[in-house]
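Hi everyone, thanks for coming. Let me put the structure up on the screen, and then we'll walk through it together.

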Amino acid sequence: MPLLKFICEDCGHIFEELTSADKKPPCPKCASPRVARCYQGKCFFGASGSSKGTGGGCSGGNCIGCSGCS
Ligand SMILES: [Zn+2]
């Protein structure tokens, strides 16, 4: 399994987890299931979408304000 990088949409905590590519672990800090996957600097928010988008693009490594990179 790959080591994937995630960012919590609720608290912004960034963590890495060995997990399947189609699974999202809950945030280890606040236990929120709303986590976004970061892959090679890009983040993919879940089906629930993000209400925290600021209109800016992905800042790379700090994607909490990103509403979804293409
Ligand atoms: Zn969290």
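Which residues make up the largest nonpolar core? There are six of them: L4, F6, C8, F15, C27 and V35. By a nonpolar core I mean a set of buried Ala, Val, Leu, Ile, Met, Phe, Trp, Tyr and Cys residues joined through side-chain atoms within 4.5 Å, and buried means under 20% relative accessible area, with a 1.4 Å probe and protein chains only. Strand β1 gives the most to this core, with three residues; strands are DSSP runs of E, at least two residues long, numbered from the N terminus.

A quick note on the source: this is a predicted model, where local features need pLDDT of at least 70, side-chain atom pairs count only at pLDDT 80 or more, and totals for chains, interfaces and linings use all residues. Residues are numbered from 1 along each chain as its sequence is written, and side-chain values use heavy atoms, leaving out hydrogens and water.

Now look at F6 and F15, which are both buried. Their ring centres are 5.6 Å apart and their planes sit at 20 degrees, so the pair is stacked (centres within 6.5 Å make a pair, and planes under 30 degrees apart count as stacked).

Finally, the zinc ion: its protein donors are the SG atoms of C8, C11, C27 and C30, at 2.3 to 2.4 Å. Donors are N, O and S atoms within 2.8 Å of the metal, or 3.2 Å for Na, K and Ca. The angles among the four donor atoms are 107 to 115 degrees, and the site is tetrahedral, a term that needs all angles between 85 and 135 degrees. C8 and C27 are both buried, and both belong to that core we started with.

Methods: Four donors count as tetrahedral if all angles lie between 85 and 135 degrees; four count as square planar and six as octahedral if opposite donors are over 155 degrees apart and all others between 65 and 115; anything else is irregular. Buried means under 20% relative accessible area, exposed over 50%, partly exposed in between (1.4 Å probe, protein chains only). Helices (H or I, at least four residues) and strands (E, at least two) are DSSP runs, numbered from the N terminus. Rings of Phe, Tyr and Trp (its six-membered ring) pair if their centres lie within 6.5 Å; planes under 30 degrees apart count as stacked, over 60 as edge-to-face and the rest as tilted.
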